[in-house]
Number of protein chains: 2
Amino acid sequence: MIGRRPDSERRGYHHGNLKEELVKAALELIAEKGANGFTVAEAARLAGVSPTAPYRHYRDKVELMADVATRGFQAFEAAQSRAWNEGKPNAWAAFQRLGQTYIAFAHEQPAYYSAMFEAGVPLDASPELRLAADRSFQMLRAACEGLIATLPAGRRPPALMMALHVWAMSHGVAALFGRADAGRRSLPMSAAELLEANMLIYLQGLGLSAPGN
Amino acid sequence: MIGRRPDSERRGYHHGNLKEELVKAALELIAEKGANGFTVAEAARLAGVSPTAPYRHYRDKVELMADVATRGFQAFEAAQSRAWNEGKPNAWAAFQRLGQTYIAFAHEQPAYYSAMFEAGVPLDASPELRLAADRSFQMLRAACEGLIATLPAGRRPPALMMALHVWAMSHGVAALFGRADAGRRSLPMSAAELLEANMLIYLQGLGLSAPGN
DNA sequence: CTGCTATGTTAGCGCTCCTTACATGATCGG
DNA sequence: CCGATCATGTAAGGAGCGCTAACATAGCAG
């Protein structure tokens, strides 16, 4: 990390950047056949290399999955950060955007979402993964603190608890109703609407209500 | 369920009741190594039969998993039913018991829980599975209706939506914080406490509060 | 007893994960 | 410019798994 070489991207050696392409292949496969239907061999095939080439870049299958999950958390945190936008124009609106972003991410990046939450990758598989996951959560926690600050001092819930609740609600809705999986029961509303209503009722329970309304 | 045969348990043929024993073995393996670390061959080994014997009882691995999931839903619904106890002594207390039961089930029967929600078994894998899952949900929905009935007519939310919210919160908490998995962040409260607080705030948001309090 | 069906075993194909040994392309010291 | 070295690829193969096909046997019906 001494800064990039100025004269070239250094995509050298045989293939170029096999690592990136393996991640891309893994995402395709996970999106197509679920988190379990992904095999290292098939990813290698997609990348046009021999079945054992991936093992030059990843110790084993789990490490590859962990890399995918890490990139997922990074992309997720970036999306969350954009949605939060430093709490503008007000904490309430920004908070609602966070929830929508969660559902949208689960819906539009099912492969990332699977790798992050459904593939069974332990969070301490790598320090980078742990870091990326923690940053996502800290973002959410900060958003909660922003909302809590609008409450009168006597009625403020612990920010950590609130963040855990919001995460649980988001994850619950996304996991149960937010995927295009088979076996879905027909719902009267979309996952996004369901989560928005859930959040509104929860916030109401905390004594929060939409400003300017 | 016409009552047991009086003269014998009818463990006939070669092994006796291999099907039951395979399910038991599967539960052990899932509890031990997660929903993915389970193999048909190893289950057969645990049951003391050859690696292909299970295929006389299940078309493939998915069908075995689906059977485990079905039995999980049946056990779950039985537990829920006991907890609900027809809404006695009052809808509020019975409802709280339902939530606790959800967390307890996820905690004490991790193998069932994995098979039901994390193994990727589609709900329409079999009619029995679909039925068992639906019955669990109808139970929850009935409980919600019981609670909603205590609200004044003008403020009643749709029971289906409420049931979906409760399920999402329960599942979110259970999936994220209710397992003994690795990679857990240290929490200031248990999953059961977290869910109870979440429910209380949500119900508060609906205008519900504990009776006699 | 004879034959049928349910339940089990053995053999084997194709696939996966991963290791070991080997080949080759890029880079660097001279 | 050349050979050494290291990073990156391939080839071969072992062990395990899902599943099928062919065969064997236990229990039951007649």
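In this predicted model, the two copies meet through the same surface, because 100% of the interface residues of chain A are also interface residues in chain B. A rotation of 180° with 0.0 Å of shift along its axis places chain A on chain B with an RMSD of 0.1 Å. That relation is the one given by a two-fold axis.

Across the interface, 30 residues of chain A are in contact with 30 residues of chain B. On the side of chain A that touches chain B, helix 7 (159-177) and helix 8 (191-205) of chain A each supply at least two residues. Helix 7 of chain A gives the most to that side, with 12 residues.

Within chain A, the axes of helix 3 (residues 61-84) and helix 6 (residues 127-148) come within 8 Å and cross at roughly 20°. Angles under 35 degrees count as roughly parallel, so helix 3 of chain A is roughly parallel to helix 6 of chain A. The crossing of these two helices of chain A is left-handed. Residues of helix 3 of chain A that make the contact include A:Phe73, A:Phe76, A:Glu77 and A:Trp84. From helix 6 of chain A, the contributors include A:Glu128, A:Leu129, A:Arg135 and A:Met139.

The residue classes of both contact regions are set out below.

| Side of chain A that touches chain B | 18 nonpolar residues | 10 polar residues | two charged residues |

How values were computed: Residues numbered from 1 in each chain as written. Chains lettered and ligands numbered in written order. Predicted model: local features only at pLDDT ≥ 70, side-chain atom pairs only at ≥ 80, totals over all residues. Contact = placed C-beta atoms within 7 Å. Helix = DSSP H or I, 4+ residues; strand = E, 2+ residues; numbered from the N terminus. Nonpolar A, V, L, I, M, F, W, Y, C, P; charged D, E, K, R; others polar. Axes fitted to C-alpha atoms, helices over the stretch in contact; angles between N-to-C directions. Parallel < 35°, antiparallel > 145°, perpendicular 65-115°, else oblique. Left-handed = near helix turned anticlockwise from the far one by under 90°. Least-squares fit on C-alpha atoms with pLDDT ≥ 70 in both.
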